[in-house]
Amino acid sequence: MINLDKALELIQSAAQKGTTMVGIAGGSCSGKTTLASKLEKRLNARILKMDDYYKSFAIAEEKFDHNFDEPAAIDMELLAEHLRQLKSGQAIKKPLYDFATHSRAGYEKFAPAKIILLDGLFCLHEPVKQQLDVRIFVDCHEEKRLERRIKRDIEERGRTRESVLHQFRKTVKPMHELHVEPTKRHAHVIVVNDGDGV
């Protein structure tokens with residue numbers, strides 16, 4: 001991962017001033033979660049997943065008629081408010097999202113920490129972006145991201161290869177170009193991740 005050291009330097013510098021919110025954005029399967037996990041261990045941080053803030057939708061698994069790859073699919077206002085609360089030292093009641101049913105499965109307590117890493121496609125969108133002290137964008141070629149997404153969704157989310165490819169072509173790719181790639185300009189640092197080790 002190129003520029004990982006620069007990301008660490010920025011986060012450590014910001015953390016000297018108090019509770020630090022770090023947004024890790026980038027395309028689907030670009031390596032956001034892997035980077036967040038590495039930073040979590042190095043910095044004794046906590047990870048908050050934007051995926052848990054998806055809104056509930058009553059649809060069948062194989063239909064995928066709803067667009068999950070646009071910011072409107074996320075409860076951005078609730079997430080921004082939770083970031084504000086965590087920054088002020090308050091615990092939150094974080095939603096839990098079930099990808100099998102496309103609905104919220106409940107809530108859990110999430111305690112504040114010195115450094116919180118927000119992992120998600122739309123971290124660099126408003127109103128969430130306003131709450132971030134450090135903004136990171138993980139950059140990765142489309143072919144590599146698709147390869148990783150097929151593997152992840154089949155193994156972890158019970159999907160079929162055909163449904164993953166259909167969703168990628170119909171919404172993931174066009175929405176990435178419209179809503180994710182342009183946010184790269186808001187990043188303090190871009191981490192390039194095209195290797196096989198993630």
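**Figure 1. His-179 in helix α5.** His-179 is buried in this predicted model, with a relative accessible area of 18%. The cut-off for a buried residue is under 20%, so a value of 18% falls inside the class. The residue belongs to helix α5, which covers residues 161-180. Apart from neighbours within four places in sequence, His-179 is in contact with Asp-69, Glu-70, Pro-71, Phe-122 and His-125.

**Figure 2. Phe-137 in strand β6.** Strand β6 comprises residues 134-139, and Phe-137 is one of them. The relative accessibility of Phe-137 is 0%, so the residue counts as buried. Which residues does Phe-137 touch, not counting those up to four places away in sequence? The list consists of Ala-25, Gly-26, Leu-124, Val-180, Glu-181, Thr-183, Lys-184, Ala-187, Val-189, Ile-190 and Val-191. Ala-25 and Gly-26 in that list fall within strand β1 (20-26), while Val-189, Ile-190 and Val-191 fall within β7 (189-192). A further view of this site can show the C-alpha atoms of Phe-137 and Ile-24, which are separated by 5.8 Å although the two residues are 113 apart along the chain.

**Figure 3. The aromatic pair Tyr-54 and Tyr-97.** A search of the whole structure gives 1 aromatic pair. The ring centres of Tyr-54 and Tyr-97 are 5.4 Å apart and the planes are at 40°, so the pair is classed as tilted. Tyr-54 sits in the loop between β2 (46-49) and α3 (76-87), and Tyr-97 sits in strand β3 (residues 92-98), so the pair ties together parts that are 43 residues apart in sequence. Tyr-54 counts as buried at 6% relative accessibility, and Tyr-97 counts as buried at 9%.

**Figure 4. The buried residues of helix α4.** Helix α4 spans residues 142-157, and its buried residues are Lys-144, Arg-145, Arg-148, Arg-149, Ile-150, Arg-152 and Asp-153. An α-helix has 3.6 residues a turn, so residues three or four places apart point the same way. What covers the buried residues of α4 includes helix α5. Gly-158 follows α4 and has a positive phi, near 65°.

Figure 5. Asp-153 is located in helix α4. Is Asp-153 buried or exposed? With a relative accessibility of 0%, Asp-153 counts as buried. Leaving aside neighbours within four places in sequence, the contacts of Asp-153 are Gly-158, Arg-159 and Val-164. One of these, Gly-158, is the residue with positive phi that follows α4, and another, Val-164, falls within helix α5 (residues 161-180).

Figure 6. Most residues other than glycine have a negative phi, and most peptide bonds are trans. Cys-29 has a positive phi, near 60°, and lies in the loop between β1 (20-26) and α2 (32-43). Cys-29 is buried, with a relative accessible area of 13%. Asn-44 also has a positive phi, near 55°, and its place is in the loop between α2 and β2. Asn-44 is exposed, at a relative accessible area of 68%. The peptide bond from Glu-126 to Pro-127 is cis, and its omega is near 0°. Pro-127 is in the loop between β5 (115-119) and β6.

**Figure 7. Asn-193 after strand β7.** Asn-193 belongs to the segment that comes after β7 (189-192). At 3% relative accessibility, Asn-193 counts as buried. The C-alpha atoms of Asn-193 and Thr-171 are 22 Å apart, and the two residues are 22 places apart along the chain.

**Figure 8. The whole chain, for orientation.** The chain has 5 helices and 7 strands, in the order α-β-α-β-α-β-β-β-β-α-α-β from the N terminus. The radius of gyration is 16 Å, close to the 16 Å of the globule rule for 198 residues, so the chain is as compact as a globular protein of that length. Along the principal axes, the C-alpha atoms fill a box of roughly 50 × 35 × 25 Å. Buried residues account for 50% of the 198 residues. Of the contacts between residues at least 6 apart in sequence, 75% join residues at least 24 apart. The accessible surface is about 9500 Å², and carbon and sulfur atoms supply 49% of this area. The chain carries 33 positive and 30 negative charges, whose mean positions are 4 Å apart.

Technical notes:
Residues are numbered from 1 along each chain as its sequence is written. This is a predicted model: local features need pLDDT of at least 70, side-chain atom pairs count only at pLDDT 80 or more; totals for chains, interfaces and linings use all residues. Side-chain values use heavy atoms; hydrogens and water are left out. Helices (H or I, at least four residues) and strands (E, at least two) are DSSP runs, numbered from the N terminus. The radius of gyration is taken over C-alpha atoms; the globule rule is 2.2 Å times the number of residues to the power 0.38. Buried means under 20% relative accessible area, exposed over 50%, partly exposed in between (1.4 Å probe, protein chains only). Contact means heavy atoms within 4.5 Å. Accessible areas come from the Shrake-Rupley method with a 1.4 Å probe; for residues, only the protein chains shown count as cover. Lys and Arg count as positive and Asp and Glu as negative; His and the chain ends are not counted. The place of a charge is taken as NZ of Lys, CZ of Arg, CG of Asp or CD of Glu. Rings of Phe, Tyr and Trp (its six-membered ring) pair if their centres lie within 6.5 Å; planes under 30 degrees apart count as stacked, over 60 as edge-to-face and the rest as tilted.
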